[in-house]
Amino acid sequence: MVLMVLLVGCGQSYEETKRLRQEQQRRAADADSAALKVAVLPTLDCLPLYVAEERAMFDTAVDIRLKRFTAQMDCDTALLRGRVEMAVSDLVRIEKAKGRKKVGLAYLTATNAYWLLIGNRNQRITSLAHLDDRMLAMTRYSVTDLLGDLAVDSAKLKPERVFRIQVNDVNVRLDMLQNNEMDALLMTEPQATQALTGKHHVILDTRKLDMRMGVIAEDSVAMSHPSRQRQRDVLIKGYNMACDSLNRYGVKHYTDVIRKYYKLSEQALQQLPDTLKFDHVAAPRQKDIDRAKRWVKH
């Protein structure tokens, strides 16, 4: 009888624990659903968002959550499937996605992202012409795919002679260069600075081409709700405050934030471009949107 009482007691305890756990999970899911969720990457165009979160620049009365990914494709997938309301991306990927998504996509802001095409010094890749019969790491249907076409056309190479290898994870792409597994790679910051500590060669730079392709995109249908608009206003205010602070004190002032969110060596951390400027929220330039649209349609 004592054993039966103990078993019944344990059974009730287990059922109660299970119920409480399910209730806790439900509340957490409801809170996450109500929060404004932004998909971010370990790239410097996301730094204002990280700084705003770490330095409490977002109004604490509004729940804004950064969802971290290491591949741009995963950020876009989260946005397209409604798991986040905003995502850091590029114009090519969003213009491509607009043709597939039933609800609307819009641009919250352009970012200061730029991309470098870096040649492996061990393979003696020092110019675009050296990409012939070489492997180039990139992501399909993104600005890096567009830049691959641009590199091929500029060097008058045959497209089939440049082997484009899809490597979506920005950290894996960097590792492949450092492990001498790839001939050339397209990278943004801070992975580009990390790569250049190994004395590899920059053979293309979007800043010299007057290309500004980085953006933060949003689900325009989800963001049309009044509560989401309030969240957007809070995010914009915090984002702009973070940009002002970064511009005033420099990127290296936030080394603690960078160490927390970025896979970066101390050498690369010291070599980050401290003159990098971050602009307030503003729509992307029409000429950049048009460039992306033309490439998507070609």
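User: Which residues are buried in α2?

Analyst: In α2, the buried residues are L47, P48, L49, Y50, V51 and A52. Buried means under 20% relative accessible area, exposed over 50% and partly exposed in between, with a 1.4 Å probe and protein chains only.

User: What kind of model is this?

Analyst: The model is predicted, so local features need pLDDT of at least 70 and side-chain atom pairs count only at pLDDT 80 or more, while totals for chains, interfaces and linings use all residues. Residues are numbered from 1 along each chain as its sequence is written, and side-chain values use heavy atoms, with hydrogens and water left out.

User: Back to α2. How many of its residues are buried?

Analyst: Six of the eight residues of α2, which covers residues 47-54, are buried, and the helix is mostly covered. Helices (H or I, at least four residues) and strands (E, at least two) are DSSP runs, numbered from the N terminus.

User: New topic. In what order do the strands of the open sheet come?

Analyst: The order of its five strands is β7-β6-β8-β5-β9, with mixed pairing. Strands pair if DSSP finds at least two bridges between them. At the edges are β7 (162-166) and β9 (201-205), each with a single partner strand, so one side of each has no neighbour in the sheet. On average, neighbouring strands are turned by 25° against each other, direction ignored.

User: Is the pairing of β6 and β8 parallel or antiparallel?

Analyst: Strands β6 (residues 134-138) and β8 (residues 184-187) pair in the parallel sense, over two bridges. A137 has L185 in β8 as its bridge partner.

User: And in which sense do β5 and β8 pair?

Analyst: β5 and β8 pair in the antiparallel sense, over four bridges. I118 stands opposite L185 in β8.

User: Which strands does α5 touch?

Analyst: Helix α5 (residues 143-154) packs on the sheet and touches β5 (116-119), β6, β7, β8 and β9, while its direction makes about 170° with that of β7. Helix α6 (residues 170-178) lies across β5, β6 and β8, and runs at about 150° to β8. Angles run from 0 to 180 degrees between N-to-C directions, and axes are lines fitted to C-alpha atoms, for helices over the stretch in contact.

User: At what angle do α4 and α11 pack?

Analyst: Helix α4 (residues 91-98) and helix α11 (residues 286-297) pack at about 60°, and their axes are 9 Å apart. From α4, L91, V92, E95 and K96 make the contact, and from α11, D288, I289, A292, K293, W295 and V296. Contact means heavy atoms within 4.5 Å.

User: Last one: is Q72 buried or exposed?

Analyst: Q72 is buried, with a relative accessible area of 13%. Q72 lies in helix α3 (residues 72-80). Neighbours within four places in sequence aside, Q72 is in contact with L41, S89, D90, R93, S142 and N168.
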